[in-house]
Structures are given as structure tokens and as C-alpha cells.
Amino acid sequence: MQTDAKSSVESQVASPREIATLLRGDVEVIYAWNARWDARRFGFQIAVIILGSGSYGAAMGWWRDPQQALFTAIKFPLIILLTALGNALINGMLAPLLGLNIPFRQSFTAIVMSFTITAAIFGAFSPLIAFVVWNAPPVAGGAAYNFILLTHVAVIALAGTAGNMRLLQLLSKAAASRAVGLRVLLAWLTGNFFLGSQLSWILRPFIGSPGLPVEFVRQNALHGNFYEAVLHSLQNIFHVH
């Protein structure tokens with residue numbers, strides 16, 4: 001029985017069937033994958049992140065300009081990979097402190113698995129986003145601009161939730177406790193949010209501001225930060241000075 005189970009797990013390594021397994025949330029199989037390093041599987045997951053988020057980024061940026069589509073197709077996967085890499089060390093340190101004693105490699109591969117799920121969903125939505133963008137009026141602000149932005153927010157929220165729910169299942173299995181798994185996940189998400197939001201600020205814009213030229217990185221990209229921008233927006237909304 002154990003030999004058959006092991007063969008079943010290994011037969012799914014580095015193949016498109018792995019995506020279906022991740023999306024279904026087969027915890028036993030995913031847990032076995034995470035416990036055993038496999039360079040082919042890891043490379044396959046990185047490829048899914050690049051292709052899935054890259055195709056979604058291209059559809060996202062095409063509304064503004066074909067050049068913006070190319071830039072966003074590069075920037076979106078880059079943000080995801082840099083966020084995973086940047087938080088890998090601190091996440092590996094936080095897990096034992098919160099009751100989950102797993103090595104750094106397993107914590108890093110767990111995060112990559114969750115981003116793989118998110119990117120696969122991005123890739124699935126990219127044709128729909130391309131259709132919406134194709135039928136939308138040119139970028140000029142107003143209702144269409146807000147609708148496109150809200151559509152992206154909804155898709156990104158859905159994809160991110162799915163990836164994190166699968167990550168919670170894996171962490172809970174590894175810790176043998178859902179409470180511990182939830183604590184670790186929340187700590188990891190905090191780090192991902194702070195780094196991911198700042199990287200998004202530096203590499204902005206995704207769609208592009210109608211009044212600004214298309215650029216890969218703005219000249220003032222390092223001026224200010226994401227949190228100042230949020231505060232400024234809130235002040236404008238509520239007319240606070």
C-alpha cells in the first residue's frame with residue numbers, strides 16, 4: 001500500500017496533472033510533495049507562476065497599450081517571485097516560533113505551491129480579462145476605468161484566497177493543528193502584504209495612468225511608499241487636510 005501511494009505521488013511530479021492536484025487541495029499528496037524536494041517539480045511550479053501571472057498581466061496591460069501589456073507581463077510574475085523569495089527567510093524563522101517546526105526549504109516550497117495555485121487561476125482568467133478589455137472603451141478614466149480596476153481586484157482576491165486556503169490546509173497538516181496553521185499563515189501573510197505592496201508600488205502601474213506615458217518603471221518609483229499613497233487617497237475621499 002505504501003509503495004503504491006509513493007508511486008502515485010511520484011507519477012504526478014512535474015506534470016500538468018500537478019496543477020489539478022493543487023487546485024483540488026489533495027492534502028496528503030501535497031504534504032508528501034512538500035516533504036520531499038524535487039527540482040523538476042519546483043521548476044515546473046515556477047514556470048506556472050511565470051506563465052499564469054504573465055498572461056494575466058498581459059491581458060491587464062493591453063487595455064492601455066501593447067507596450068504596457070509587455071511590461072505588465074514581466075512585472076506581475078516578477079512581483080510574485082520577489083515577494084516569495086524576499087519573505088522566505090523570515091517565514092522560515094517565524095514558523096518554529098509559532099509552533100510549526102519545519103525547515104526553511106519546506107516553508108519556501110509551501111509558499112511557492114500557494115503562488116502556483118494563484119497563478120494557475122490568473123492564467124485561467126486571462127482569456128476572460130482579455131475579452132473584457134477588448135470590448136471596453138479606450139482608457140480615459142471614468143466608469144470604464146473603475147470597472148476594469150474593480151474586475152482586477154475581484155479576480156486577484158479570488159485567486160489569492162484560493163492559494164492561501166490551500167496553504168492553510170498544508171500548514172495545518174504539517175502542524176497537526178488548524179489553530180497553529182492559521183497563526184503561521186497570518187504571520188506569513190503579514191510579511192507578504194508588506195513586501196508585496198511595496199514592490200507593487202515601486203513597479204507600478206499595472207494598467208497605467210491615462211495621463212502619464214508608458215514606462216517600465218517611473219522615474220520617481222522610489223519616492224514615497226504604498227502606505228503614504230493609501231493615506232493620501234483616504235484624505236482625498238474624506239476631504240481631510
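Start by selecting Leu-100. Leaving out residues up to four places away in sequence, Leu-100 touches Ala-95, Leu-171, Ala-174, Ala-175, Val-180 and Val-184, where contact means heavy atoms within 4.5 Å.

Before going on, note what is on screen. This is a predicted model, in which local features need pLDDT of at least 70 and side-chain atom pairs count only at pLDDT 80 or more, while totals for chains, interfaces and linings use all residues. Residues are numbered from 1 along each chain as its sequence is written, and side-chain values use heavy atoms, with hydrogens and water left out.

Buried stands for under 20% relative accessible area, exposed for over 50%, and partly exposed for the range in between (1.4 Å probe, protein chains only).

Select Ser-172, which lies in helix 7. Is Ser-172 buried or exposed? Its relative accessible area is 11%, so Ser-172 is buried. Residues up to four places away in sequence aside, Ser-172 touches Ser-177, Arg-178 and Gly-181.

Move on to Ala-176, in the loop between helix 7 and helix 8. Ala-176 has a positive phi of about 60 degrees although it is not a glycine. Ala-176 is exposed because its relative accessible area is 72%.

**A nonpolar surface patch**

Next, select Leu-89, Met-93 and Phe-104. Together they form a nonpolar patch on the surface with about 330 Å² of accessible area. Patches are made of residues with over 30% relative accessible area and no salt bridge; like charges are joined within 9 Å, nonpolar side chains (Val, Leu, Ile, Met, Phe, Trp, Tyr) within 5 Å. The areas come from the Shrake-Rupley method with a 1.4 Å probe, and for residues only the protein chains shown count as cover. Leu-89 belongs to helix 5, and its relative accessible area of 56% makes it exposed.

**Salt bridges**

How many salt bridges does the structure hold? There are four, each being a side-chain nitrogen of Lys or Arg within 4 Å of a carboxyl oxygen of Asp or Glu.

Select Asp-26 and Arg-24: they form a salt bridge with the closest N and O atoms 2.9 Å apart. Asp-26 is partly exposed at 26% relative accessibility, whereas Arg-24 is exposed at 51%.

Finish at Asp-38. Asp-38 is bridged to Arg-36, with the closest N and O atoms 3.8 Å apart, and Arg-40 forms a salt bridge with Asp-38, also with 3.8 Å between the closest N and O atoms. Through these shared partners, Arg-36, Asp-38 and Arg-40 are joined into one network. Asp-38 is buried at 10%, Arg-36 is partly exposed at 39% and Arg-40 is exposed at 59% relative accessible area.

How values were computed. Helices (H or I, at least four residues) and strands (E, at least two) are DSSP runs, numbered from the N terminus.
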